[in-house]
2 protein chains.
Amino acid sequence: MPRMLAPAFDPERFRREARAVVDWIADYWQTLEPRPVRSQVAPGDVRAQLPPHAPDEPEPLAAVLADLDRVIVPGLTHWQHPAFFAYFPASASGPSILGELLAAGLGVQGMLWSTSPACTELETHVLDWLRELLGLPERFASSGMGGGVIHDSASSGLLCGLVAARERATHLQSNRHGLTQTDRPLVAYASAAAHSSFDKAARIAGLGSEWARRIAVDSRGCMDATALAAAMDADVAAGRIPCFVCATVGTTAAGAIDPVPEIAAVTARHNAWLHVDAAWAGAAALCPELRPPLVAGAEAADSWSFNPHKWLLVNFDCHALWVADRTSLVQALATRPDYLRNAATDSGGVIDYAEWQVPLGRRFRALKLWLALRMLGAEAIRGRIRAHVAWAGEFASWVAADPRFELLAPRSLSLVCFGLRAGDAASRRLLDRLNAGGTAFLTQATVGDRFALRLAVGAALTERRHVEAVWAELSRLADEAAQTA
Amino acid sequence: MPRMLAPAFDPERFRREARAVVDWIADYWQTLEPRPVRSQVAPGDVRAQLPPHAPDEPEPLAAVLADLDRVIVPGLTHWQHPAFFAYFPASASGPSILGELLAAGLGVQGMLWSTSPACTELETHVLDWLRELLGLPERFASSGMGGGVIHDSASSGLLCGLVAARERATHLQSNRHGLTQTDRPLVAYASAAAHSSFDKAARIAGLGSEWARRIAVDSRGCMDATALAAAMDADVAAGRIPCFVCATVGTTAAGAIDPVPEIAAVTARHNAWLHVDAAWAGAAALCPELRPPLVAGAEAADSWSFNPHKWLLVNFDCHALWVADRTSLVQALATRPDYLRNAATDSGGVIDYAEWQVPLGRRFRALKLWLALRMLGAEAIRGRIRAHVAWAGEFASWVAADPRFELLAPRSLSLVCFGLRAGDAASRRLLDRLNAGGTAFLTQATVGDRFALRLAVGAALTERRHVEAVWAELSRLADEAAQTA
């Protein structure tokens with residue numbers, strides 16, 4: 001048996017190879033614009049070009065990079081492309097990529113404070129910074145009973161909020177005895193326009209989709225707080241337990257903002273948990289002039305969340321979740337086996353973030369948020385958000401001024417929902433033709449009962465000219481799309 | 001409002017700064033050995049050195065790197081240190097770090113096949129490679145009804161397996177109506193030595209810890225299949241529904257391997273879901289001579305999982321989960337809102353990995369696994385695992401030969417559990433003194449009713465001399481620790 005092994009990390013080799021990878025990435029970003037935004041491969045195309053078995057012997061980096069160019073890149077939809085206007089942006093930035101690289105290079109585990117104290121403390125600290133930048137209430141600061149944590153996604157944050165709510169509503173009995181021992185259904189509420197992760201969480205947590213109530217929305221897509229009150233009252237009258245309300249600040253379809261203060265008042269009457277999902281729109285609270293509707297009612301929320309990995313220039317994954325009282329979350333999720341025991345945990349004086357999330361392990365995600373905030377600076381991030389909002393406003397004005405088009409919802413921040421007056425089938429054709437052309441990529445949503453094209457501005461490389469260009473292309477294709485295919 | 005913004009990704013700046021970060025990481029690894037393995041800071045030390053507010057104006061990378069050296073690194077426990085023998089290894093490697101860098105640099109989303117086909121297809125493909133390398137049954141290959149997926153952690157994989165099991169047992173009624181509408185408790189089973197994530201999953205999924213049964217283990221820490229059979233029969237007799245059995249291949253405390261074939265036979269009688277958690281030990285199945293006990297019974301498992309981020313030189317997070325029939329998982333977890341609709345999903349001919357996991361979003365984690373397998377080569381990875389097992393065997397022989405020490409469990413692969421014959425208090429003192437010295441880091445577990453020190457060999461930089469050195473240090477400290485403090 002060998003006394004020495006070929007090193008799995010050879011520093012000099014790493015320096016050389018990592019530079020090649022860095023150059024490959026820089027070249028990729030520099031050559032994004034002429035590429036078709038959406039991948040044009042068919043199912044199976046990528047796999048057909050990959051060898052059927054893993055190699056026994058090492059291959060050089062050059063072979064991997066060649067395969068990236070030949071096999072992988074044509075199979076990508078380029079989320080960092082300047083004409084990516086689909087879904088919501090997943091905006092990366094140079095500093096955040098460096099932060100992810102550092103996290104991988106350090107390779108430490110932040111599951112407990114004791115497993116790498118700086119990993120926990122930087123996370124708590126940077127989320128306190130971010131709370132202040134967003135103008136969120138003091139109750140979410142770690143100096144009191146609250147604090148922030150980074151999850152992978154808004155789905156996971158919502159699930160943990162729901163589990164904490166479930167436990168609080170059952171006085172920790174559902175953790176212990178399970179929901180089968182409870183005759184009275186626990187009910188969760190969100191608007192009809194809330195994200196699908198609400199249903200997924202209700203299913204995973206054992207409430208069931210039947211008890212994940214979707215509350216009616218007004219014509220703009222905002223939850224009707226009166227309907228919420230009626231639903232909660234009816235559930236109580238029927239012997240059910242309202243336990244969780246998810247208010248959406250910026251719906252996926254059209255960016256609608258629920259009336260959180262009114263929802264909070266209703267929720268409070270039933271002592272239910274109020275979670276605010278501001279996954280995309282939350283980033284805009286960085287700008288004081290955009291903030292008021294985004295953080296309204298936050299002082300009554302039990303948890304408030306948004307995704308820096310959407311519009312805050314931090315590469316996926318980085319979901320920021322704040323809780324007003326970390327006790328419920330920790331009571332719901334903590335497990336303390338012997339093999340993780342340590343003096344710091346026993347002291348009760350530290351945060352062990354494994355107790356704030358589903359997984360045990362966690363990497364050092366605070367680094368990318370720290371680097372992005374420091375190296376970009378809050379003011380430049382605000383400038384980008386303001387520009388995106390302004391460009392979306394211009395785009396919406398062009399739509400409104402063109403008699404062939406119509407806005408299908410009020411423009412919300414940097415999101416515009418629109419269609420052709422010729423009808424939904426025409427709008428569908430327009431979207432298909434635009435996306436097939438490859439110069440830009442938009443996706444769709446149902447707004448009211450209409451098929452809407454969505455333009456979400458926010459990619460890191462997007463400039464005003466890209467918004468102008470996609471409008472020119474849409475305008476060019478509109479007449480053809482309006483005719484029967 | 002600006003027509004142009006300062007770029008969030010400037011390719012030339014990125015090349016320059018990323019090289020500095022790469023050099024910083026290489027320097028970090030080159031200077032790991034003399035550093036104390038475990039961080040020596042006290043709670044609050046890190047935060048006390050950080051400014052109270054985020055900067056409004058950009059700071060240079062040099063300032064960040066200086067703070068990394070000054071504030072962050074002293075607050076880290078160095079998981080990549082060659083004398084890190086604590087918990088289980090979280091072994092990174094040069095190629096896997098490059099893979100993580102590429103994933104961040106590409107910044108694509110793999111939630112659906114259509115959102116970046118190569119992200120999904122490479123993942124499916126590399127997990128097929130890995131299935132073959134481990135000698136797992138064909139039923140887990142994506143060519144049939146099965147297939148593999150990358151999750152963040154074994155906790156998340158177990159939760160998803162449990163939710164799929166719950167849904168299968170209730171014919172999808174718990175998803176729909178929730179568990180409060182079920183009078184009969186759903187019961188999950190794992191050994192008394194199984195990981196704490198079993199209880200966490202049972203709590204999150206609404207079963208409750210009361211119905212997360214811990215089955216007795218034999219003197220080696222392996223589940224007693226007869227006791228499992230008795231427990232399942234008793235539950236059925238009492239009207240409960242056995243739905244999920246988690247067999248552990250390599251327990252956290254002592255590396256015990258449950259008798260999966262016997263457990264599978266019992267599980268099958270009740271049509272329950274069999275999940276195999278081989279989080280740490282599974283990597284050793286890469287070596288044909290170590291494989292048989294690790295994959296025994298896998299042909300009867302519904303899901304089988306291990307963590308390449310533990311012992312397979314892929315940096316966290318990278319948990320590999322295979323299912324024999326993806327239908328249950330997808331039925332349990334799929335949500336298909338309008339705004340994610342696309343032709344490929346509608347065709348039914350592609351994998352949408354968002355339907356195999358808790359979160360919606362997902363990054364391109366297959367890259368790091370692909371790079372590690374290709375650039376290291378399977379044979380070199382096997383060589384490392386064999387060496388770690390051999391060194392742990394030598395260490396165990398030194399322990400056994402020293403009259404002051406005793407082995408507290410049979411050495412399992414690269415894990416040795418041991419203590420001082422002078423008793424648990426002496427063993428505790430020995431561990432504390434060793435760790436305070438900083439030259440190595442071990443953690444503890446309860447084995448039987450004894451306090452055991454655990455030596456887990458597996459860090460990327462560990463050589464045989466580091467194992468010799470920690471034994472020399474333990475040997476030096478033993479007499480002092482054996483005396484009353």
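**View 1. Helix H4 of chain A crossing helix H3 of chain B.** In this predicted model, H4(A) passes H3(B) in a right-handed crossing. From H4(A), the residues A:Ile97, A:Glu100, A:Leu101, A:Ala104 and A:Gly105 meet B:Ile97, B:Glu100, B:Leu101, B:Ala104 and B:Gly105 of H3(B). Sorted by class, the contact of H4(A) with H3(B) has six nonpolar, two polar and two charged residues.

**View 2. The contact between chain A and chain B.** The contact takes 145 residues from chain A and 145 residues from chain B. On the side of chain A that touches chain B, the largest share, 15 residues, is contributed by helix H1 (residues 11-30) of chain A. The residues of that side of chain A divide by class into 74 nonpolar, 40 polar and 31 charged.

View 3. Within helix H3 (residues 61-72) of chain A, the residues A:Leu61, A:Val64, A:Leu68 and A:Ile72 are buried. These four cover an arc of only 60° around the axis, which puts them on the same side of H3(A). An α-helix has 3.6 residues a turn, so residues three or four places apart point the same way. On the other side of H3(A), by contrast, A:Ala62, A:Ala66, A:Asp69 and A:Arg70 are exposed. The buried residues of H3(A) pack against H1 of chain A, and also against helix H4 (117-134) and helix H14 (366-376) of chain B.

**View 4. Helices H4 and H14 of chain B packed against each other.** H4(B) and H14(B) pack at an angle of about 45°, with 9 Å between their axes. That angle makes H4(B) oblique to H14(B), and H4(B) passes H14(B) in a left-handed crossing. The residues B:Cys119, B:Leu122, B:Glu123, B:Val126 and B:Trp129 in H4(B) meet B:Ala366, B:Leu369, B:Trp370 and B:Leu373 in H14(B). By class, the contact of H4(B) with H14(B) has eight nonpolar residues, no polar residues and one charged residue.

**View 5. Helices H9 and H10 of chain A side by side.** Helix H9 (residues 225-237) and helix H10 (residues 260-269), both of chain A, pack at an angle of about 15°, with their axes 9 Å apart. Since angles under 35 degrees count as roughly parallel, this makes H9(A) roughly parallel to H10(A). H9(A) passes H10(A) in a right-handed crossing, and the contact is made by A:Ala225, A:Leu228, A:Ala229 and A:Met232 of H9(A) together with A:Glu262, A:Ile263 and A:Val266 of H10(A). The residues of the contact of H9(A) with H10(A) divide into six nonpolar, no polar and one charged.

View 6. A:Ala154 lies in helix H6 (residues 154-169) of chain A, and A:Ala154 is buried, with 26 other C-beta atoms within 10 Å. When its neighbours within four places in sequence are left aside, A:Ala154 is in contact with A:Ser197, A:Asp277, A:Ala279, A:Ser305, A:Asn307 and A:His319. Between A:Ala154 and A:Ile72 there are 28 Å in space, C-alpha to C-alpha, and the two are 82 residues apart in sequence; A:Ile72 is one of the buried residues of H3(A).

Technical notes. Residues numbered from 1 in each chain as written. Chains lettered and ligands numbered in written order. Predicted model: local features only at pLDDT ≥ 70, side-chain atom pairs only at ≥ 80, totals over all residues. Contact = placed C-beta atoms within 7 Å. Helix = DSSP H or I, 4+ residues; strand = E, 2+ residues; numbered from the N terminus. Nonpolar A, V, L, I, M, F, W, Y, C, P; charged D, E, K, R; others polar. Axes fitted to C-alpha atoms, helices over the stretch in contact; angles between N-to-C directions. Parallel < 35°, antiparallel > 145°, perpendicular 65-115°, else oblique. Left-handed = near helix turned anticlockwise from the far one by under 90°. Buried ≥ 20, exposed ≤ 12 C-beta atoms within 10 Å, placed from the backbone. Arc of directions from axis to C-beta.
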